[in-house]
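Me: I have a structure open and would like to learn how to read it. Could you take me through it feature by feature?

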Amino acid sequence: MDSGTVSRFDIVLKINGGENIPCQLKRHLSPITVGLIMRTLPLSGNAHQMGKSVVYFETNLNSGIERKKTDFRRGDIAFLPAEGSVCFYIDDVYDGKPMTPIGRTNEIEKLNVVKSSDILSLTRNWFV
């Protein structure tokens, strides 16, 4: 993922402080929400699942819904304002909960092994 502009931010999702998954937040998808997340990094929380399609963790972020979508593709990253959750789609979802789209990852398969006792954290990628 190339972060050659100020509208894309390379970040890292860590599972239990070990496994690193490169992610990219895209300001043009939802500028207010992406800006809030970038100013608040690092973020972390306990892993949760919505069925077999979404892995997420709750934050203390408070943001309204922005450019809401209900259809997401595998690898999409979204923000669920009702719970302040950062959500990672491990499968396609159509007509799901309204969420704010915020980015993508190309290595979503690494999230297939996440359990509810795991800690997920988002940090800046300082090595770009």
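Reply: Happy to; we will start with the ground rules and then go from the fold to single residues. This is a predicted model, in which local features need pLDDT of at least 70 and side-chain atom pairs count only at pLDDT 80 or more, while totals for chains, interfaces and linings use all residues. Residues are numbered from 1 along each chain as its sequence is written, and side-chain values use heavy atoms, with hydrogens and water left out.

Me: How do I read the strands, and what do they form here?

Reply: Strands of a sheet pair through backbone hydrogen bonds, either parallel or antiparallel. Helices (H or I, at least four residues) and strands (E, at least two) are DSSP runs, numbered from the N terminus; two strands pair if DSSP finds at least two bridges between them. In this model eight strands make a closed barrel in the order β1-β2-β7-β5-β6-β4-β3-β8, with antiparallel pairing. From one strand to the next, the twist averages 35° (axes are lines fitted to C-alpha atoms, for helices over the stretch in contact, and angles run from 0 to 180 degrees between N-to-C directions).

Me: How many bridges join β4 to β6?

Reply: Five bridges join β4, residues 54-58, to β6, and the two run antiparallel. To find one of them, look at Phe57, whose bridge partner in β6 is Val86.

Me: Which residues of helix α1 are buried?

Reply: An α-helix has 3.6 residues a turn, so residues three or four places apart point the same way. Buried means under 20% relative accessible area, exposed over 50%, and partly exposed in between (1.4 Å probe, protein chains only). In α1, residues 31-40, the buried residues are Thr33, Val34, Gly35, Ile37 and Met38. Their cover includes β1 (8-15), β2 (19-26), β3 (43-50), β5 (76-80), β7 and β8 (119-124).

Me: What does backbone geometry show in the loops?

Reply: Most residues other than glycine have a negative phi, and most peptide bonds are trans. Here the peptide bond from Leu41 to Pro42 is cis, with omega near 5°, and Pro42 sits in the loop between α1 and β3. Arg67, in the loop between β4 and β5, has a positive phi near 50°. Asp95 also has a positive phi, near 60°, and belongs to the loop between β6 and β7. Arg67 is exposed, because its relative accessible area is 51%; Asp95 is exposed at 65%.

Me: Where is Asp92, and what does Asp92 touch?

Reply: Asp92 is in the loop between β6 (85-89) and β7 (100-105). With 28% relative accessibility, Asp92 counts as partly exposed. Contact means heavy atoms within 4.5 Å, and, not counting residues up to four places away in sequence, Asp92 touches Ser53, Phe72, Arg73 and Arg74. Asp92 and Arg74 are 18 residues apart in sequence, yet their C-alpha atoms are 4.9 Å apart.

A polar contact is a pair of N or O atoms within 3.5 Å; within protein, one must be able to donate a hydrogen and the other to accept it, and residues adjacent in sequence count only if both atoms are side-chain atoms. The Asp92 side chain reaches the backbone nitrogen of Arg74 at 2.8 Å, and a polar contact of 3.5 Å joins the side chains of Asp92 and Tyr94.

Me: Is Asp118 buried or exposed?

Reply: Asp118 counts as buried, because its relative accessibility is 4%. In the loop between β7 and β8, the side chain of Asp118 reaches the backbone nitrogen of Lys115 at 2.9 Å.

Me: How many aromatic pairs are there?

Reply: Rings of Phe, Tyr and Trp (its six-membered ring) pair if their centres lie within 6.5 Å; planes under 30 degrees apart count as stacked, over 60 as edge-to-face and the rest as tilted. By this rule there is one aromatic pair. The ring centres of Phe72 and Tyr89 are 4.6 Å apart and their planes are at 15°, so the pair is stacked. Phe72 is in the loop between β4 and β5 and Tyr89 in strand β6, 17 residues apart; both are buried.

Me: How many disulfides does a search of the whole structure find?

Reply: A disulfide is a pair of cysteine sulfur atoms within 2.5 Å, and the search finds zero. The sulfur of Cys87 is 13 Å from the closest cysteine sulfur, in Cys23, too far for a bond. Cys23 is buried at 1% relative accessible area, and Cys87 is buried at 0%.
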